[in-house]
Amino acid sequence: MKCGILNNDSDIIALTETWLNSNVLTAEFCDTRTVIRKDRDLGRTCKKQGGGVLLAIKTKYRVLECKIFDDELEAICVKVEVARDSFLYVVVVYFVPGTGPELYGRFYHNIEINLMDRDTIILGDFNLRNFVS
């Protein structure tokens, strides 16, 4: 990441599968943006590596993390003040392949009760390979 992904001109950057952990400090790869990240809880998931989500937002915006998801979800939500008294909510999520419908349901329920009537962008890797509409 240090080599350029976070150094482009985008106002908001969302990443999934960051593979970051508590041994990697945000300042090691980004000191020019407000970074909100959720690393995979390797102890809880019994995985050795992988996962994680991150939002990197230009410092010209006021950013507040919204704690609307439980620890089992690899998801973060932020409230970004894009203009005076005008807000945009940004969500980034990662679902591992084979995630069951219960976890998707909890995610969408949290979106519904917290963000339904708000300007919101939802980004991520949903791993819905067998989705049929």
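Q: Okay, what kind of model is it?
A: This is a predicted model: local features need pLDDT of at least 70, side-chain atom pairs count only at pLDDT 80 or more, and totals for chains, interfaces and linings use all residues. Residues are numbered from 1 along each chain as its sequence is written, and side-chain values use heavy atoms, with hydrogens and water left out.

Q: Let's start with sheets. In what order do the three strands of the open sheet come?
A: The order is β1-β3-β2, with antiparallel pairing. Strands here are DSSP runs of E with at least two residues, helices are runs of H or I with at least four, and both are numbered from the N terminus. Two strands pair if DSSP finds at least two bridges between them.

Q: And which are the edge strands there?
A: β1 and β2, as each pairs on one side only. On average, neighbouring strands in this sheet are turned by 10 degrees against each other, direction ignored. Axes for such angles are lines fitted to C-alpha atoms (for helices, over the stretch in contact), and angles run from 0 to 180 degrees between N-to-C directions.

Q: How many bridges join β1 to β3?
A: Five, and β3 covers residues 53-58. I13 stands opposite A56 in β3.

Q: What about the open sheet of four strands?
A: That sheet runs β4-β5-β6-β7, and its pairing is mixed. β4 (62-66) and β7 are at the edges with a single partner strand each, so one side of each has no neighbour in the sheet. Neighbouring strands are turned by 20 degrees on average, again ignoring direction.

Q: Which strands does α2 touch?
A: α2 packs on the sheet and touches β5, β6 and β7, and its direction makes about 175 degrees with that of β6. Contact means heavy atoms within 4.5 Å.

Q: Switching topic: how many aromatic pairs are there?
A: The count comes to six. Rings of Phe, Tyr and Trp (its six-membered ring) pair if their centres lie within 6.5 Å; planes under 30 degrees apart are stacked, over 60 edge-to-face, and the rest tilted. F95 and F126 make a tilted pair, 5.7 Å centre to centre with 35 degrees between the planes.

Q: Where do F95 and F126 lie?
A: F95 is in the loop between β6 (86-94) and α2 (101-115), while F126 is in the segment after β7 (120-125), so the pair ties together parts that are 31 residues apart in sequence.

Q: Are those two buried or exposed?
A: F95 and F126 are both buried. Buried means under 20% relative accessible area, exposed over 50%, and partly exposed in between (1.4 Å probe, protein chains only). They also belong to one aromatic cluster with F69, Y104, F107 and Y108.

Q: Why does C66 count as buried, and what about C77?
A: C66 counts as buried because its relative accessibility is 16%. C77 is buried too, at 0%.

Q: Last one: where does T18 lie?
A: T18 is in the loop between β1 (12-16) and β2 (33-38). T18 counts as buried because its relative accessibility is 13%. Leaving aside neighbours within four places in sequence, T18 is in contact with G51, G52, V53 and L54.
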